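I opened the model and kept notes on what I looked up. The entries follow in the order I made them.

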Amino acid sequence: RHTRYWRDWSSDVCSSDLTERVKHPSKILKVGDEVECKVLEVDSKSKRISLGLKQLQANPWDELEVRFPVGTIIEEAEVKSVTDFGVFVDVGLGIDGLIHVSDVAWTKKFNHPSEKFKKGDKVRAVVLSIDKANEKFSLGVKQLERDPWDNIKSRYRQGQACDGVITKITDFGAFVELEEGVEGLI
């Protein structure tokens with residue numbers, strides 16, 4: 001029932017086939033441990049057997065769909081990494097969710113997500129989508145707030161007088177902030 005893990009040419013355990021993400025297999029296994037694993041591939045020509053541990057466990061993507069259905073608010077997801085295109089946050093289960101840069105704020109533009117987030121930050125986000133087949137988990141921050149452009153015509157009508165603050169002057173005019181996230185051009 002248990003297969004011994006040998007560290008030699010006759011067996012191959014890839015870190016991607018372990019039960020959790022680790023930088024090195026020695027973080028969760030040691031020589032002499034008895035483990036139950038699944039045979040993934042037998043290559044008699046090169047005398048290799050590929051084994052996996054995680055394949056004997058429930059797929060965490062199945063649990064993800066149950067625990068965090070679309071629309072669920074996750075209160076304290078930890079930022080694991082910041083990239084050019086977004087932020088990866090740990091939601092547990094060994095799965096990271098992506099907050100794409102386009103889902104950070106309704107109107108404010110960031111040159112880089114690191115302007116708002118850093119590794120280790122705790123983030124509140126809402127589940128936008130789960131793509132189990134491609135193992136993609138999308139989250140959003142801006143969706144926790146009202147889009148300032150929703151119902152804009154009910155707040156500002158043509159011909160209406162309004163006050164605002166000049167935020168920028170250019171060769172072609174001046175930008176006026178009417179409310180947070182809503183600017184007009186004179």
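Entry 1, two loop residues. I started at E135, which sits in the loop between strand 9 (122–131) and strand 10; helices (H or I, at least four residues) and strands (E, at least two) are DSSP runs, numbered from the N terminus. I read a phi near 50 degrees for E135, a positive value in a residue other than glycine. E135 is exposed, at 52% relative accessible area; I use buried for under 20%, exposed for over 50% and partly exposed in between (1.4 Å probe, protein chains only). I then went to K47, in the loop between strand 4 (38–43) and strand 5 (48–52). K47 is not a glycine, yet its phi is positive, about 55 degrees. K47 counts as exposed because its relative accessibility is 54%. I noted both since most residues other than glycine have a negative phi.

I am working from a predicted model, in which local features need pLDDT of at least 70 and side-chain atom pairs count only at pLDDT 80 or more, while totals for chains, interfaces and linings use all residues. Residues are numbered from 1 along each chain as its sequence is written, and side-chain values use heavy atoms, with hydrogens and water left out.

I found a mean pLDDT of 85 for the protein, with 88% of residues at 70 or more; pLDDT is the predictor's confidence in each residue, from 0 to 100. Over residues 1–13 pLDDT stays under 50, and the model has 29 contacts (heavy atoms within 4.5 Å) for them beyond four places in sequence. Where pLDDT is low, the predicted coordinates should not be read in detail.

I counted two helices and 13 strands. Of the 186 residues, 29% are buried. Among contacts between residues at least 6 apart in sequence, 54% join residues at least 24 apart.

Which loop holds V141? I placed V141 between strand 10 (136–140) and helix 2 (152–155). V141 counts as buried because its relative accessibility is 15%. Leaving out residues up to four places away in sequence, V141 touches I99, D103, V104, F117, V123, R124 and A125. I also checked S102, whose C-alpha is 9.6 Å from that of V141, although the two residues are 39 apart in sequence.
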